[in-house]
Amino acid sequence: GENLIYVSTHEDPGEPRTSWAAVYSTHLGTGLTRRLTPSGIADFSPAVSPSGVWTAVASYGKEGWGGEVEELSTDIYVFLTRDGTHRVKVVEHGGWPCWVDDSTLYFHRRSEDQWISVYKATFPKDKPVSTESVTIQRVTPPGLHAFTPATSPGNHKFIAVATRRPNSSFRHIELFDTVKNEFIELTRHVSPTTHHLNPFISPDSARVGYHKCRGESNGAKATQLLLENVKSPVPNLSLFRMYGSFPSFSPAGDRIAYVDFPGVYVVNRDGSNLRQVFHLNAFGSAWDPVRKGIVYTSAGPEFSSVSTEVDIVSINVDDVEQSNYKRLTIDGKNNAFPSPSPDGKRIVFRSGRSGHKNLYIMDAIEGETSWIERLTDGPWTDTMCNWSPDGDWIAFSSDRHDPGSGSFELYMIHPNGTGLRRLLRSGSSGRVNHPSFRPDGKLLVFTTDYGGISAEPISNPHHYQPYGEIFTMKLDGSDLKRLTHNSYEDGTPTWAPLYINPVDVEWPRKGECAFEDCHWLNEMPGRGIKLVGPWGLAKPQCGVF
């Protein structure tokens, strides 16, 4: 009819680390919108039956997200499209449902032999539908991954699927003949070295569509964006997704430093004058608020142990010889995430020199050879620190509430070690990371999995973790606001010192769009095969915001 069925994340369930994803119905004539997903439950990947009577979804039900980053532990539920009632679980362990007719569903799941395959669920005609009465049949054979199936109404002859084969590093679209039980390759013949995702079939079964990388080879504009404007849910706040990781603005707001592994780069805010200013592997960036052109970073490997050699360095980005960087820590025990005090005299950073990652403060110009003092002390991890603009507070992430659990929550402490308090609880095994003070010191922005996961990860290209959104909060822990809503990881947020008009900023950087497929699909069950794409396996990153 005239109703659009879709997923939205606009309603907060009120529980940390709980997905906001729910299915809604909007009448295109009147705009009347109805929530079809029950309160407190998250639904993904909705599919409407050919008659329009039923909608199928992948859902955790009341169990909730368990933190998976590969295949989700969802089941398939069916309910009436008109109002969400008569909801019933029809398949245990499955995702990405699609209908052929009102009694036949296809879906994907990881099989016992570890291949991801497409299955068919057939509903009974003479008794109630349930997981006990539905007949499940494996459709695609082992020996390759086949997923995100697509069907067309009444078409029992073939389906479309995305595949990863052991002899290919690329995701391709294929048809699977359900009568002859054989594959018919499509995209490999047209574009063998490009990823193709999420097929769909026209209602008359005559055409197959899919997602593909945008670029000049497709006749599309290939200009890259330095800053991509994202619609902001907050008035008078512009929001941008930025190329690279760990961005930071110069005090004047005219330049941006960021990390593009390996190395640190600086570019003008209008996209001009891009330069690499540090060639070694590094992560994090912070400008000195007083000394012009000085950027601090952590030199060494990311995601490493307490004893790994990582040091704080200061870089003079205006030194054209690119040799004027100074090592400020000398013990090499995972010194990282520097943040200068507003007067430019001190730096707070995390260090593993005691055997645990705790916070320290040292001289900003000469480093620890001048003086150093310990700020926090304990058998836990304190990290990702940021000094407030008025100098009174240091915000940081910590697992001190449950050391070693991988769960990080948001804390604040005075630079003299007093006033420790927790601002935000992240829920079971949750994460609140990379806090950053607004220039007026009244708000913190950070990345967190507070909003859970928003889509089946297999439907997207590779990213280190398929969750993480940008939130803000007042310093008293109130007024939590979600800024971003998507199925990718948004991370390492920062503030600009001045308002930027919400317009995309292009830069002259060229290159074909070249995302990677999910790295976990490189593992081929039982064959000891790990496929590596033409660019190798990318190092994990902490986000691209």
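T297 counts as buried, because its relative accessibility is 0%; buried means under 20% relative accessible area, exposed over 50%, and partly exposed in between, for a 1.4 Å probe and protein chains only. The structure is a predicted model, in which local features need pLDDT of at least 70, side-chain atom pairs count only at pLDDT 80 or more, and totals for chains, interfaces and linings use all residues. Residues are numbered from 1 along each chain as its sequence is written, and side-chain values use heavy atoms, with hydrogens and water left out.

T297 belongs to strand β25 (residues 294–299). Strands (E, at least two residues) and helices (H or I, at least four) are DSSP runs, numbered from the N terminus. Setting aside residues up to four places away in sequence, T297 touches V264, A282, F283, G284, D311, I312, V313, I315 and P338. Contact here means heavy atoms within 4.5 Å.

S341 is found in the loop between β28 (336–340) and β29 (346–351). This residue is likewise buried, because its relative accessibility is 0%. Apart from neighbours within four places in sequence, S341 has contacts with P289, R346 and W387.

T140 occupies the loop between β11 (135–138) and β12 (145–150). With a relative accessibility of 1%, T140 counts as buried. V100 is 40 residues away from T140 along the chain, and the C-alpha atoms of the two are separated by 16 Å.

| Side chain | Backbone atom | Distance |
|---|---|---|
| T297 | oxygen of G284 | 2.5 Å |
| T140 | nitrogen of V118 | 2.9 Å |
| S341 | nitrogen of K345 | 3.4 Å |

## Strand pairing

An open sheet of four strands runs in the order β36-β37-β38-β39, and its pairing is antiparallel. Why is one side of β36 and of β39 left without a neighbour in the sheet? Strands β36 (432–437) and β39 (481–482) stand at the edges and each has a single partner strand, so one side of each has no neighbour there. Two strands pair if DSSP finds at least two bridges between them. Between β36 and β37 (residues 443–453), which run antiparallel, there are four bridges. One of the residues involved is V432, whose bridge partner in β37 is T448.

Strands β14 (residues 172–177) and β15 (residues 182–185) are also paired in the antiparallel sense, over four bridges. L175 stands opposite I184 of β15. The hairpin formed by β14 and β15 has four residues between the strands, and N181 in this hairpin has a positive phi near 55 degrees.

## Backbone exceptions

Most residues other than glycine have a negative phi, and most peptide bonds are trans. N273, although not a glycine, has a positive phi of about 55 degrees. This residue lies in the loop between β22 and β23 (275–278). N273 is partly exposed, because its relative accessible area is 46%.

N334 is not a glycine either, yet has a positive phi of about 50 degrees. Its place is the loop between β27 (325–327) and β28. Is N334 buried or exposed? N334 is buried, with a relative accessible area of 0%.

The peptide bond from F261 to P262 is cis, with omega near -10 degrees. P262 sits in the loop between β21 (255–259) and β22 (264–268).

## Cavities

How many cavities of 30 Å³ or more does a search of the whole structure find? The search finds three. On a 1 Å grid over the protein atoms alone, a cavity is a set of points where a 1.4 Å probe fits but cannot get out, and lining residues have an atom within 4 Å of a point. Grid points are joined across faces, edges and corners, and a volume is the space filled by probe spheres set on the points.

The largest cavity has a volume of about 90 Å³. Its lining comprises 14 residues, of which E71, L72, H108, E456 and I458 lie nearest its centre. Strand β9 (residues 104–110) gives the most to this lining, with three residues. By class, the lining of the largest cavity has five nonpolar, four polar and five charged residues. Ala, Val, Leu, Ile, Met, Phe, Trp, Tyr, Cys and Pro count as nonpolar, Asp, Glu, Lys and Arg as charged, and the others, Gly among them, as polar.

Methods:
A polar contact is a pair of N or O atoms within 3.5 Å; within protein, one must be able to donate a hydrogen and the other to accept it, and residues adjacent in sequence count only if both atoms are side-chain atoms. On a 1 Å grid over the protein atoms alone, a cavity is a set of points where a 1.4 Å probe fits but cannot get out, and a pocket is an open set with protein on both sides within 12 Å along at least five of seven lines; lining residues have an atom within 4 Å of a point.
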